[in-house]
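Let's take a walk through this fold, starting with how its strands line up and then turning to its helices.

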Amino acid sequence: MILQELLEQAKSLALAQNIPETDFWFLISYYLHLSRSEIILSRQRILTDREREIIENAFSRLEKGEPPQYITGTAYFYGLDLKVNPAVLIPRPETERLVELTIERLKGTERILDIGTGSGAIAIALKHNLPSLNVSATEISFSALETAKKNAEIYGADIHFYLSDCFPPVKQNYEVLISNPPYISKAEFATLNSRIKDKEPVIALQGGEDGLDFYRKLLSESSEYLSENGFLALEHSDTQKEAIMNLARKEGWTKIEPLKDLTDKDRYLFIYR
């Protein structure tokens, strides 16, 4: 089999199974160690029997609803290759933008707490790009926290990890509290694609009846952990901006900066003490 035939197979399966063709390309790229442009230029490459077997097995898992990142055990985030598994949420491009916007607002020596770190994506990306930051991270799932620790070790990122719901057990102050919390409502969760709903951790997705439980907790308790002039950096769904801003105002937060993602959807709130 040549690579061109595998690409044609991927296209056919994508159409038949209603799976993004990019997911198949992700697998091909990973297992053949080729970039997208290299795949295009290598269409006549002859695959070994072992390569074909591995990739077709991965295709089969993809057809059964398994996310490609869990199949390979790898997700790409802000220039990092992170280890992922079903205990952690797969990092999304929208969260890369949250990191980027946060970095733009930092001097580089701040104390930062990543709340609900999952794979460690946000915390590690911040520390990797600004090594002088003092970064801590919390996570309620032991399995997720172990994954985050392994990812931090791979990148030599000195991060203080805590097994905790929201805030660390030892109270301290931070210049920045950052989080991509679970924000999907109960009703919305029921309508999610099964590849998300059935494969990714519910605890990292569902945010209570209206999806706002985590924001209520953050907005009511964060001021105790923020230094003077510190801020919250939050990701949210594209329909939650006004509701979260109203919650923030009720808790006494007065300076709120809403920002959009790269598709021009409301996605982030920077809330200042």
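In which sense do strand β3 and strand β4 pair, and over how many bridges? β3 (residues 111-115) and β4 (residues 134-139) run in the parallel sense, over five bridges. Strands pair here if DSSP finds at least two bridges between them; strands (E, at least two residues) and helices (H or I, at least four) are DSSP runs, numbered from the N terminus.

Bear in mind that this is a predicted model, where local features need pLDDT of at least 70 and side-chain atom pairs count only at pLDDT 80 or more, while totals for chains, interfaces and linings use all residues. Numbering starts from 1 along each chain as its sequence is written, and side-chain values use heavy atoms, leaving out hydrogens and water.

Zooming out, the open sheet has seven strands in the order β5-β4-β3-β6-β7-β9-β8, with mixed pairing. At the edges sit β5 and β8, each pairing on one side only. From one strand to the next, the twist averages 15 degrees.

Now the helices. α6 (residues 93-104) packs on the sheet and touches β6, β7, β8 and β9; contact means heavy atoms within 4.5 Å.

| Pair | Angle |
|---|---|
| α6 and β9 | about 30 degrees |
| α1 and α4 | roughly 10 degrees |

Angles run from 0 to 180 degrees between N-to-C directions, with axes fitted to C-alpha atoms, for helices over the stretch in contact. The α1 and α4 axes come within 11 Å, and these helices are therefore roughly parallel (under 35 degrees). L6, Q9, A10, L13 and Q17 in α1 meet I55, E56, F59 and E63 in α4.

Note on methods: Parallel < 35°, antiparallel > 145°, perpendicular 65-115°, else oblique.
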